[in-house]
Amino acid sequence: MNRGKTSTRVLFGLAALLALLPLGIESKSMLILLTQIFLYAVFAMSYDILLGYTGIISFGHAMFFGIGAYTTGIWMSKWEASLLSLWLALVTSVILTGLVSYVIGALSLRLKSHYYAMLTLAFAGLFFVLAEKWRSLTKGNDGFTFPIPDVLRDRTALYWLALVFLLVSFWLLRRFTESPVGKVLQAIRENEQRTESLGYDVLRYKIIASIVAGVMAGMSGVMYALTLRFVNTAVFSTNVTLDALLMTIIGGVGTLYGGFIGAALILLAHTLLTDLAGVHWIFERWMIFFGGVYILAVMFFPQGIMGTIRQWRQKKKQATKLAGQPE
Amino acid sequence: MDVLLNLTINGLATGCLIFLLAAGLSLIFGLMDVLNFAHGAIFAWGAYAGGWFYMETGSFVLGIAGAVVVGVLLGLALERWIIKPVYGNHVSQILITLGVLLVLNECIKVLFGPNQISVEPPALLRDSWMVGGVILIKYRLFVIAAGVLVFMGLHYVLKHTRLGLIVRAGVMNREMVEALGINIKRVFLFVFLLGSGMAALGGMLFAPYSGVIHAEIGMDYGILAFIVVVIGGMGSLGGSALAAVLVGLLGAFMAYYVPSAALAVNMLLMLVILMFRPTGLAGGKGA
């Protein structure tokens, strides 16, 4: 119980610090970078619901991100750039991502892990092709820029919005993972057969997990579109899914915080290393470093940064408990 | 009529290349239950390394040999260091080989530059024949011949040698083969190296076929190979061949008649087949 309280306090402190940060930061690009970290953190957390909590590998997470980004862009450019259309974009993307993740989940979650991974890749590929070909709506590969509500044109306001979005999403997802449904998901991850034999409808729970993950990913797509004020088919590309995968694994699977840490690490390192490209061209190929770290993480730290810390803390706690016991 | 024939030859040649890539992948999965997403990267490495040897020495044969050697060496390193620690764990296999794919692709950009490279067919195969109004491009016929030869060789090894017997038995029931005292790990290593060599060969033959190569072919064709393996049924050589030719032909015809749908046709094919036959056309194992 005590640990729960301290971590809540730490969280509140961190949130307050992040909220005050824009007052001390002059650089616009830094604010944008932080805003992006927040929204990618939510994206990675949503992926963690699948990978870390339920043990499902999806290769199609980009499609939900893309749906969110495109609905925002389309509402803003075809209708008007008001808070009302932002609201409508949010509602539309929740409905769309919910529907799509339900249909795909119901169709393919009964397959084995690798078949499911391939099928999600195929579905995401179809969305990519659809976005490329439906030029009247998406302008294809060129993409389009769009206006956003005046209030959010201020980078600091957008920063705060992203921060609130991150905190609310984190709170919601944590409630979800700690709910009875979340516990069943973790049981599925640990042992699917046993969970099934206990009488749980495993498929139904997996579909719930994929809907929650899909809807959250869609909302991070909405935030992404707001930050960039531009959208093109790249939001549907496999690389977007890979980003979520790398962030989740490096940050730590099954922890939620891990998504934030992974997103921060990867985006910061990406910016830093790209800046260093002027010093030596090898930094241009920063994916080599990350790929290497990622491979080592899968091999030696399958829990990622947060998971390893948590494991280490639990061990220490057990050790003190044991030492405290009378012989 | 000549259009139909040309498209068919086109499709068959592409199918043969995809077969070279998919067959190894399928055997590796069927025998050892390992999902190797880095397979496409070996294809790309075969294309680049082979192209490099070919351009440095001027000999196409040496290029092919170089590509195969590089492919086998990569396969050896991959099996020893990457795959071995994650036997029996699908999730880790998918994650880790995906990382290898990323790293190997980036390494190509570091070594050979990020821009695409053009590779020409050797002088002997550069032209085409005119047979009764039909243009037969020599290199395409050569690729088809190579694919058929490899298929026949592989078929012979699998069906008529002791090693092939062990591999086939291993695909069907690994525990039984192990119980008979056969070191299936060594057999697997052999299949893995064979698969990697074939993938690199496919990449090398692909380079002059498409004319230009870029690092992304590892990802693109890796995915295509997986689609083919899934359609054909994992672990089945015949299924892979059938599916590769099907995908090649379908791709060629769609690109000509319905170009807007060509990009999605493989995905749709896989979706439809998996919905109705979750184990693929020739698969009995799995799902």
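**Legends to the close-up views**

**Arg189(A), with a relative accessible area of 33%, is partly exposed.** Side chains of opposite charge can pair when their charged atoms come close. Over all chains, the structure holds seven salt bridges.

This is a predicted model, in which local features need pLDDT of at least 70 and side-chain atom pairs count only at pLDDT 80 or more, while totals for chains, interfaces and linings use all residues. Residues are numbered from 1 along each chain as its sequence is written, chains are lettered from A and ligands numbered from 1 in the order in which they are written, and side-chain values use heavy atoms, with hydrogens and water left out.

**Lys109(B) and Glu106(B) are joined by a salt bridge with an N to O distance of 3.1 Å.** Both lie in helix α4 of chain B, where a spacing of three residues means that they are separated by about one helical turn. Helices (H or I, at least four residues) and strands (E, at least two) are DSSP runs, numbered from the N terminus. Glu106(B) is buried, as is Lys109(B). A salt bridge, at 3.4 Å from N to O, also connects Lys109(B) with Glu216(B). This pair links distant parts of the chain, 107 residues apart, for Glu216(B) stands in the loop between β4 (212-213) and α9 of chain B while Lys109(B) stands in helix α4. Through shared partners, the salt bridges join Glu106(B), Lys109(B) and Glu216(B) into one network. Glu216(B) is partly exposed because its relative accessibility is 38%.

**Chain A and chain B meet in a contact to which chain A gives 34 residues and chain B gives 41.** Contact here means heavy atoms within 4.5 Å. The two chains bury about 3,400 Å² between them, and 86% of this lies on carbon and sulfur atoms; buried area is the accessible area (1.4 Å probe) that two parts lose on being put together, summed over both. On the side of chain B that touches chain A, two or more residues come from each of α3 (60-83), α4 (90-112), α9 (217-232) and α12 of chain B. With 15 residues, α4(B) supplies the largest share of that side.

**Thr177(A) lies in helix α7 (residues 155-178) of chain A.** Its relative accessible area is 5%, so Thr177(A) is buried. Apart from its neighbours within four places in sequence, Thr177(A) is in contact with Ile49(A), Tyr53(A), Gly182(A), Lys183(A), Gln186(A) and Leu256(A). Leu256(A) belongs to the loop between α11 (238-251) and α12 of chain A, and its phi is positive, at about 65°, although Leu256(A) is not a glycine. Leu256(A) is also buried, having a relative accessible area of 1%.

**His39(B) sits in helix α2 (residues 39-57) of chain B.** With 2% relative accessibility, His39(B) counts as buried. When neighbours within four places in sequence are left aside, the residues in contact with His39(B) are Leu21(B), Gly24(B), Leu25(B), Ile28(B), Gly195(B), Ser196(B) and Ala199(B).

**Thr274(A) belongs to helix α12 (residues 257-276) of chain A.** Thr274(A) counts as partly exposed because its relative accessibility is 37%.

Definitions and conventions. Buried < 20%, exposed > 50% of the residue type's maximum accessible area, 1.4 Å probe, protein only. Salt bridge = Lys/Arg side-chain N within 4 Å of Asp/Glu carboxyl O.
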